[in-house]
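Hi,

Here is the structure I promised to send over.

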Amino acid sequence: MAEAQPGLRSLWEASLLVTGELDLSNVLRQIAESALTLVDAQYGALGVIDPEGQLEQFIHVGMPDELVAQIGHLPEGHGVLGAVIDTSCPIRLTDLNKDPRAVGFPKHHPPMDTFLGVPIEIRGETFGNLYLTNRSGGPFTQEDEELVKELATAAATAINNARLYGEARRAQQLSAALGEVSSALLASPDTDAFGVLAQSVASLTGAQLVSVVVSEAVGSKLHVETARGEGASTIEGTTMPWTDSVVSRAMKGQPGITPMDGKAPAPFIGDVPSASIMAVPLVISGDRVGALCATRSAGESLFTKGDLELLTEFATQAGLAVALAWSQVDRQRLEMVEERARIARDLHDNVIQRLFGTGLGLQALASARPAQAASLETHVTQIDAAIADIRTAIFALQTQAATQNVRHRLLEVVSELSPRLSTIPRLIFIGPVDLILEGALADDAVAVLRESLTNVARHAHAETVSVEINAAETQVSITVEDDGLGLSSSLSRRSGTKNLSARARAHGGDFQLTSRSSGGTRAHWYAPVNAQRLA
Amino acid sequence: MTRVFLVDDHEIVRRGITQLINAEPGLEVVGESATARGALARITATLPDVAVLDVHLPDGNGIELCRQIRSAHPEIPCLILTAYDDDAASIAAVVAGASGYVLKNVQGRHLVESILQVSQGKTLVTRELSNRVRSSLTKQTQAASQEHSSRDPQVKLTLRETQVLALITEGLTNRQIGQRLNLKEKTVKNYVSGLLAKLGMTCRTQVAVYGARLST
């Protein structure tokens, strides 16, 4: 029986080979090769058509690579190839060139005469077509056609399996990537969310370079917020004008891949070598915050529609993970603000009031017992100092720091320079500092405090430092006292203060650096305050 | 004899200040209240020479109480006593229409001297300070209305509220503002409440004008 039906045996072997593969591109190549062997043709090809009926892929066997390169482009689906697509029926020809539908071959194309075209259908829809030409020993027979049709049926099953397998694997990779992203984002509130996304996209889509591009508004400049991969450092942080590109279209909500012809304008500044770029919108908590872009280097395969779907799905899910991570950070920040406000309230409502009341009581006691007055007075002084410290602390705890607020700026200078001093300086505000210090005077006050504390840190070797900012309607002064080495030991201490004097004189004030009788130095900076012009 | 009425929610503070004032020749405490409620009626009953009040009261807004006292009894000067800082106290004193403020510091004769000066009709809040408070508050409400424009369009001051704020910083009482703008005193009171609520929404003044609401 095998003797009588060699065709069936070949078909059985071919079907086995075809259905043994799982990777789709391998499956397609295997089908074309099996068909070629099955009917002893010289050239074979498998054309995959997209939903619009256009040739999406063209896999050919039997033609040497040099010849393919010489022809330059793959068939576009006109002529007889198009007829198979259009009719979805097998076409068998003795001479391809004599068919009225023939459009001729391009230059360098080898001669072809006998032709057999068979559609591959999966669940009633045409997936693609098998094309065979130049059968050795005469035209294709009816039996050839039947055999290839049978092979096409087996091929359909194999393609379907490979597709399902591909989808399952893709879903698995996607969920693994998203799982990693979510756990990285939620593990630490300080995680650079965009960096995590970019890293994950690079491994998920096989991109060499991934970036997150943001913009203030549609049409505004594009800013590369984050980049990961090859050449990332050359584009991260750069800004480029808004031009119509795959990136800007993604910012407007439209995912896409750069056209395959390579004529699309390069969206990135500098020459990031790229063969293919795809970009999708990144939406977080309903806001389109930017575009997620993946780039493959020249020499790598181009991105496919499947890659774009994968990236789109990733961006949607990852956007949710980022939103969750951000809301967690917001909640923690809010809790901290509330907690600090509660502490500030408690300090104000209870601690200061009790200290004040106790201090008043002590003072009354002092006037009733003059013998103990002196020692009681020392305690009262301490209580007042504590109240002043708490008042500064209450202010510092109110974290809604407006940047124009000069007291917050002065506090920041102190906390910034504290690590360079032995102890945290004591900071006291006297008078309505925010209301008095404005504009250039406020900027100078911040600079003066910074320079004074830097001087102390550099030269004084002080144990304790105290700062008093005194703002009255006519004059403002900044006094920094330390218990360090004093003036005599260091000449450079004086030379470092020229700038401070200049700043004071510019406002019509002055600066004095003196030795304290108790040791250490006292730096006193003051300037008159001009009456405010009525707005 | 200068007669002082005291409004503060902390008993230990009232006791200490009463001791301090009564120890001073020529000064005496004629009444005290721990809450805003009832304070106005008792001030009307005792007619002191000076009212000393903490703006931060548990049952309401000390600033509004101060404005009511000034409107009902323009001859009674008010002195704000506060545990907050100079900036917050300055704003509170100007908005409340008080003659001055004293921080809760133990040492020095600042409180006693301020009471004496204020009782003689002196104003410790200068024109210059009022101007600074007004421009600061205006700037803050503008900044806040820009910052919150999408979420909270209500922060922006209306024309009436801007007018009322200007007259407040000129030191006018609610009754005088009503005469100036041709409004009933009660209407002015409503504008002032709305204004205070809006100022309270801007973070920097929150403590000064609406600090009481923080704890509720």
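Throughout, contact means heavy atoms within 4.5 Å. This is a predicted model, where local features need pLDDT of at least 70, side-chain atom pairs count only at pLDDT 80 or more, and totals for chains, interfaces and linings use all residues. Residues are numbered from 1 along each chain as its sequence is written, chains are lettered from A in the order written, and side-chain values use heavy atoms, without hydrogens or water.

I started with Ile80(B). Leaving aside residues up to four places away in sequence, Ile80(B) touches Leu53(B), Val55(B), Cys66(B), Ala93(B), Ala96(B), Ala98(B), Gly100(B), Tyr101(B) and Val102(B). Ile80(B) is also among the residues with the most contacts inside the largest nonpolar core, along with Leu53(B) and Ile177(B); that core has 44 residues. (A core here is a set of buried Ala, Val, Leu, Ile, Met, Phe, Trp, Tyr and Cys joined through side-chain atoms within 4.5 Å, buried being under 20% relative accessible area with a 1.4 Å probe, protein chains only.) Another core, of 39 residues, lies apart from it and includes Val433(A) and Phe511(A).

On to the interface: 38 residues of chain B meet 44 residues of chain A. The rule finds 4 salt bridges across it, taking a side-chain nitrogen of Lys or Arg within 4 Å of a carboxyl oxygen of Asp or Glu. Glu438(A) and Arg132(B) form a salt bridge through their side chains, at 3.5 Å from N to O.

Overall, 56% of the 216 residues in chain B count as buried.

Cheers

Notes:
Buried < 20%, exposed > 50% of the residue type's maximum accessible area, 1.4 Å probe, protein only.
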